[in-house]
Amino acid sequence: MREITEDLRDFLETKYNFYNQSYFIHNDPIAIPHSFTLKEDIEISGFLVATIAWGQRSTILRNGNRLIELMDNSPYDFVLNFKPKDLKVFDTFVHRTFNSIDCKYFLIALQHIYRRKGGLNKVFLDSLNVHNCNIGLAISTFRQTFFSLSYPKRSLKHISDPTKNSSAKRICMFLRWMVRRDKNVDFGIWTNISPGILAIPLDIHTGRVSRSLGLLERKQNDWKAVMELTTNLRKFDPLDPVKYDFALFGLGINEKFR
């Protein structure tokens, strides 16, 4: 790994402060949960939108907004109270490989989690406590809870498992949204989880920039790479390492940094 220097730290801090601004929200999937104020609406809409957050951002936003509209623009109320017949409106929903079968199971699982398990926040917190704040194992345990009902096997692929060396980018991004506390973009509504234990949401853009900066040596964008990069970012800020996702992603998308 490249030596941790003040210049590199200052560079990333500058880019973090530049990209961690509310005016970048409007064309990002996080814009959808930002339309709500109720904690449960934010976390349910955020979880569903993060689940379909791959492909063109305009398509993610369009399909994410449609998904929320199908829930009468009240995600928590819908999840808590829908009857099986109410799921028929999702028959035509599709986003890439996430189709109506997946969508209906996700809603059924969310209803189970909010009625029987105390909600998404509690399930994640319990998973972290079981594994002494090991974020990879906690995500895997959350996944087991989410698929503890009778589920269609095709839906398993929509929540990645770090124990199988998946980068789990979308679930890491969702956790960043819920846990990180700032005044601009992330919500910080899960105050019982420390930002210091989070893992970087790793995709092709953050991976490329991180390798260019000497922060990541591993070639594959997998969980081992996530851990390598997150460990190195903790050397800059051990209490909030994933804040540099703003810098790395912004450099990759907006500046085509090489």
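**Helix packing and aromatic pairs**

Guide: H9 and H11 are roughly perpendicular to each other, a label for angles of 65 to 115 degrees.

Visitor: At what angle do the axes of H9 and H11 cross, and within what distance do they come?

Guide: The axes of helix H9 (residues 204-212) and helix H11 (residues 244-253) cross at roughly 95 degrees and come within 8 Å. Axes are lines fitted to C-alpha atoms, for helices over the stretch in contact, and angles run from 0 to 180 degrees between N-to-C directions. Helices are DSSP runs (H or I, at least four residues), numbered from the N terminus.

Visitor: Which residues meet there?

Guide: From H9, His 205, Thr 206, Arg 208, Val 209 and Ser 210 meet Asp 245, Leu 248, Phe 249, Leu 251, Gly 252 and Ile 253 of H11, where contact means heavy atoms within 4.5 Å. The residues of this contact divide into 5 nonpolar, 4 polar and 2 charged.

Visitor: What kind of model is this, and how are residues numbered?

Guide: It is a predicted model, in which local features need pLDDT of at least 70 and side-chain atom pairs count only at pLDDT 80 or more, while totals for chains, interfaces and linings use all residues. Residues are numbered from 1 along each chain as its sequence is written, and side-chain values use heavy atoms, with hydrogens and water left out.

Visitor: Turning to H2, is it mostly covered or mostly open?

Guide: Helix H2 is mostly covered, with 11 of its 13 residues buried, meaning under 20% relative accessible area (1.4 Å probe, protein chains only). Among the buried residues are Ile 42, Phe 47 and Leu 48. What covers them includes helix H3 (57-70), helix H5 (100-116) and helix H7 (135-146).

Visitor: How many aromatic pairs does a search of the whole structure find?

Guide: The search finds 27 aromatic pairs, a pair being rings of Phe, Tyr and Trp (its six-membered ring) with centres within 6.5 Å. In one of them, the rings of Phe 47 and Phe 142 have centres 5.9 Å apart and planes at 80 degrees, so the pair is edge-to-face (planes over 60 degrees apart). Phe 47 lies in helix H2 and Phe 142 in helix H7, so the pair ties together parts 95 residues apart in sequence.

Terms used
Buried < 20%, exposed > 50% of the residue type's maximum accessible area, 1.4 Å probe, protein only. Helix = DSSP H or I, 4+ residues; strand = E, 2+ residues; numbered from the N terminus. Parallel < 35°, antiparallel > 145°, perpendicular 65-115°, else oblique. Nonpolar A, V, L, I, M, F, W, Y, C, P; charged D, E, K, R; others polar. Phe/Tyr/Trp six-rings, centres within 6.5 Å; stacked < 30°, edge-to-face > 60°.
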